Structure formats: structure tokens, C-alpha cells
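Dear colleague,

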Amino acid sequence: MWGLRAGAAPRCTSGSPSLAHNNRFRGVRAAAMTMALICTAASIVCAVALTDDAPFYANSFEKVPASAAMTALGRELFFDASLSASGKVACATCHDPKRAFGPPNDVPVQRAGSDGRRPGVRAVPSLTYSQNVPPFTEHYVEDEGDDSLDQGPAGGRTWDGRAKSAHDQARLPLFSPFEMANPGVDAVVAKVERAHYAAQFRDTFGGHVFDDKTTAFKAVLLVLETFQQSPAQFYPYDSKYDAYLRHQISLSGSELRGLAAFNDPAKGNCVRCHPSAMRNGAFPQFTDFGYAAVGAPRNAAIPANADRRYYDLGLCGPLRTDLAAEKQYCGLFRTPSLRNTALRGVYFHNGVFRQLEDVVRFYAERDTAPEKWYSRGAKSPMVKFDDLPADYRSNVDTQAPFDRQAGATPAFNDGDIADIVAFLRTLTDGYELPPSGRSLRKMVHAAAENTSTLATITGVALISSP
Ligand code: HEC
Ligand code: HEC
């Protein structure tokens with residue numbers, strides 16, 4: 001049995017590792033002029049990306065592009081359906097800004113592709129709070145230098161981490177036959193050159209930006225990435241829970257009990273993978289960026305699953321190909337952030353659940369009442385972990401709350417489930433402070449004189465701004 005997740009090294013229990021990365025790369029950052037321009041409040045992503053992606057970020061444009069101009073262009077592209085082969089699908093079609101840039105509806109996979117009808121194979125992840133996802137590594141060590149703390153695979157973009165950064169990621173939908181289905185770089189660049197914002201592109205990157213297709217395409221990726229790093233839209237930290245962490249409001253009784261059950265190792269133990277506490281002044285991301293197999297039930301509503309031999313195994317394939325030989329990774333998916341999770345219409349990589357309550361109940365009852373969750377409606381006997389071939393079922397996580405036998409009492413009860421759901425709803429952005437509370441804006445202004453207070457109030461996004 002593979003021991004990284006299940007063995008000696010427990011997953012981190014609180015906080016996010018972003019600061020470690022930030023510190024590690026701080027020295028390099030000063031030297032990078034272009035980066036400094038690109039990186040406004042999003043300097044963590046940039047700092048992380050810098051080592052791997054220096055060639056990508058090195059300025060090869062006539063003009064040094066200003067970050068505000070790139071953000072504005074990125075927004076145009078993100079909403080532009082004409083960038084797809086069908087002319088009908090924009091990034092925003094699948095990543096709905098009203099739903100934290102997650103799926104626009106409650107169907108497990110979206111339809112797109114060259115005819116706009118081809119079904120995808122996975123649920124659309126939210127794009128909020130991915131600004132400090134570390135680059136993918138197979139051996140994540142949070143405490144530098146101590147290899148015994150190897151926590152296994154972590155980081156990267158998509159459910160299996162195969163894209164290392166947001167700009168790398170943008171290549172996938174632009175060319176994927178399931179998504180925007182462009183035949184190649186030239187096709188994308190030609191569309192941008194015809195778009196109403198082409199002049200804005202020239203103003204930002206230089207009059208000859210379209211002369212070289214590679215350079216122009218790099219600009220396309222760069223603006224999409226920069227847009228996805230705008231704090232106001234992608235990581236505002238203005239949920240009810242953030243207001244609670246800032247001591248501006250209190251939570252309700254049910255929300256507080258939910259938080260306690262979420263954190264309690266003898267109940268939800270959710271913090272094992274979804275850290276909920278502030279750490280070093282950074283607000284929690286509700287993911288440790290690690291990978292786990294939680295044993296999501298097979299979803300018959302995904303067309304690809306009509307083929308009984310088809311399995312989405314996450315880290316070990318089939319979408320990701322470099323780790324195909326690592327059988328201990330089969331069934332592992334990246335732990336998503338739970339911020340804004342209540343806005344989703346579908347949950348888990350295969351969108352098998354539509355209600356948040358079902359997800360939480362699944363954690364309680366997966367092992368104590370597996371017949372409620374697996375092979376429902378099938379004529380053959382129940383198969384626990386039915387979305388994994390038999391050989392890989394031992395990869396599924398079995399620590400609390402998953403440490404029970406069939407028929408045993410679940411780690412948490414119906415009341416806890418309702419409370420945890422109430423707590424998860426406090427993680428939705430856009431919470432309006434009650435009129436009696438001082439507005440956040442005022443507090444931030446008042447604190448601007450005082451950096452240490454500013455750190456406490458605004459969290460990691462603002463502290464790290466140059
Ligand atoms: C047809 C629907 C669809 C369209 C259109 C689409 N995406 Fe996605 N997006 C997805 C799905 C599904 C995933 C998860 C893919 C996976 O795990 O293999 C995803 C993943 C992502 C991720 C990774 C998030 C993370 O950290 O896990 C980013 C970033 C992203 N998309 C950005 C974009 C951008 C930018 C565009 C437009 C250029 C775009 N998407 C267009 C469906 C779509
Ligand atoms: C062993 C690590 C681990 C633990 C413990 C854990 N989760 Fe998760 N969580 C994950 C992973 C991995 C996924 C994605 C699984 C998939 O898609 O197959 C996930 C997905 C979710 C989702 C769906 C999010 C989305 O975008 O689809 C919710 C909600 C959730 N977890 C809540 C909880 C709650 C509540 C608890 C405690 C009762 C908990 N988790 C405990 C690892 C964990």
C-alpha cells in the first residue's frame with residue numbers, strides 16, 4: 001500500500017503553503033522588471049511562476065505591457081465566443097462569473113467542441129482562489145529541507161495537475177476538441193487580429209504584435225492569465241467567514257458548530273485536506289493543494305461512462321499521460337478549494353452530486369452505508385468505489401472520517417451535516433456586512449497607514465503586493 005497520504009506523514013492541517021514559496025523566490029523577484037509590471041497584487045503566482053517560466057515571462061514585445069491594459073484585454077478574450085471553432089463558446093460559457101467562474105448549470109459536463117455539442121468528461125472547476133496553487137510536484141515538502149515530510153503529489157492546474165500554470169492551462173481549452181476546438185495557434189491569433197479589441201492589443205504590446213504568430217499567441221495567454229489574477233474578481237476574500245476571521249461579525253450558532261465539526265478530527269476532519277485556519281497572516285484557501293482518492297461514485301450521466309471500460313483515473317490518466325505507470329496514483333484528484341463551493345451546481349471531478357448536503361453526507365456514510373452511494377440502480381451487486389477498477393480501490397483514502405466499517409455509526413450525524421453545510425455557505429464571496437458594522441473598505445483605508453494591521457485585514461493577496 002502506498003503510504004504518502006495514508007502513512008506516517010499527515011496532510012497539513014492548517015494554512016496554505018504559499019508563503020514558503022513566496023519567501024523562497026523573493027530574491028529573484030526584484031530583478032525581474034517585466035514580472036514586476038505584470039505582478040501587481042498577484043505577486044505570489046508570479047513569484048512561483050518565475051523560476052519555471054522565466055522564458056515565458058521574459059518580455060519579447062515591442063512595448064512593456066502594463067498590467068491594467070492586460071487585465072482589460074484578458075477580460076475581453078475571456079468573454080469572447082468568437083475565439084472558439086464553433087463561434088459559440090467562450091471561457092465564460094463554462095466558467096460562469098456569476099458562479100465563481102465555475103459551471104453555469106447543474107449538468108456534470110458541459111458541451112462544446114467544433115460543433116458546440118461535444119460533451120466534456122469532467123466537471124468545470126471554479127477559477128477563484130487558484131492564484132497561489134503551487135506548480136505541480138510529485139514530492140511536496142512543506143518544511144524545507146526535511147524530506148521525511150514528503151506529502152506526495154501537490155499543485156498544478158486542472159483536476160489532475162497536468163497544466164503547470166494559468167497560461168499553460170489556457171492552451172488546453174483553446175485547442176481541446178471538447179472545448180474551444182481551435183486547430184492551432186494561427187487560428188487563434190487570426191481571430192484576435194479580427195476582433196474589435198485588436199487595436200487595444202497593438203496599443204498594449206506594440207504595433208507589430210501580430211506579425212509573429214508565436215509572439216502574438218504568447219500575448220493571448222498572458223492577458224488571459226493576468227485577467228485571472230485580478231483580486232477583485234478572483235480572490236476578493238469577502239465571504240462571511242472572512243469577515244468573521246477579521247472579527248467584524250460573528251457566525252450563527254449552526255455555522256459555528258459546523259466550523260467546529262469541520263475541524264474536529266473525530267468528526268468531519270475536513271481540515272486534513274481543506275485547511276480552514278489563518279496561517280502566518282494568510283487567509284485559508286480551503287485546500288492543501290494535495291491529491292486524494294475519496295472514492296466518488298461513478299456518474300452514469302457522463303456520456304464517456306457509457307463505455308464500461310472507460311475510467312477517469314485522475315493523476316494516472318487518461319487525460320494526464322506522464323504518470324500512467326504510477327499505479328499508486330490512480331484515482332487521485334486534486335483537492336479543490338471549498339471557497340464559493342455553495343455556488344456550484346455539481347460537485348466532485350465527475351459532477352456526481354448536485355447538492356452540497358449530499359457531498360457532506362457522502363463523507364459521513366461512504367463506509368458505514370456504502371449501499372446508499374454505490375451502484376445505485378444497477379442489477380448486479382453493489383460495488384464499493386465503482387468508479388475505479390478493482391486493482392486501484394486500495395488507493396482510496398481510509399483515514400477519518402473514512403475509517404469505519406459498514407453498519408458502524410458515522411463519524412458525524414445529521415445535525416453535524418446540516419451545520420457543516422451552513423458553515424460551507426459562509427465561504428461564498430460577496431457577503432454584505434450588516435449596516436452597523438464598519439465597512440470593509442473603511443477598515444482597509446484606515447489600516448493602510450499600518451502595514452501589520454493591513455496584513456491581518458486583507459490576507460495574503462495584499463500583503464505580498466510590492
Ligand atoms: C467547454 C467548457 C470549458 C471552456 C470553454 C473552458 N474551460 Fe476551463 N475548464 C473546463 C474543465 C472541464 C476544466 C477541468 C479540466 C480537467 O480537469 O481536465 C477546466 C479547467 C480550467 C482551469 C484550471 C483550474 C484549476 O486550477 O483546476 C483554468 C485556469 C481554466 N479552465 C481556464 C479556462 C480559460 C482561460 C478558458 C478560455 C480560454 C477556458 N477555461 C475555457 C471547462 C472549460
Ligand atoms: C483525504 C482528503 C480529504 C478530506 C479529509 C476531505 N476532503 Fe473534500 N475533497 C477532497 C478531494 C480530493 C476532493 C475532490 C474529489 C474528486 O473530485 O474526486 C474533495 C472535494 C470536496 C467537495 C467538492 C468540491 C467541488 O468543487 O466539487 C466538497 C464540498 C468537499 N470536498 C467537502 C469536504 C468536507 C465537508 C469534508 C469533511 C467532512 C471533506 N471534504 C474532507 C479531499 C478531502
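How do the residues of the shell around ligand 1 divide into nonpolar, polar and charged? They comprise 16 nonpolar, seven polar and four charged residues, where Ala, Val, Leu, Ile, Met, Phe, Trp, Tyr, Cys and Pro count as nonpolar, Asp, Glu, Lys and Arg as charged, and the others, Gly among them, as polar.

This is a predicted model, in which local features need pLDDT of at least 70 and side-chain atom pairs count only at pLDDT 80 or more, while totals for chains, interfaces and linings use all residues. Residues are numbered from 1 along each chain as its sequence is written, and chains are lettered from A and ligands numbered from 1 in the order in which they are written.

Of the 27 residues around ligand 1, the nearest are C91, C94, T158, W159 and P173 (near: C-beta atom, placed from the backbone, within 6 Å). Helix α6 (166–175) contributes the most to this shell, five residues (helices are DSSP runs of H or I, at least four residues, numbered from the N terminus).

Ligand 2 has 25 residues around it, with G268, C270, C273, F348 and H349 nearest. Its shell holds 16 nonpolar, six polar and three charged residues, and helix α13 (residues 356–365) gives the most, with four.

The axes of helices α12 (residues 253–263) and α14 (residues 414–425) come within 7 Å and cross at roughly 100 degrees (axes are lines fitted to C-alpha atoms over the stretch in contact; angles run from 0 to 180 degrees between N-to-C directions). α12 is therefore roughly perpendicular to α14 (65 to 115 degrees).

With kind regards

Conventions. Helix = DSSP H or I, 4+ residues; strand = E, 2+ residues; numbered from the N terminus. Parallel < 35°, antiparallel > 145°, perpendicular 65-115°, else oblique.
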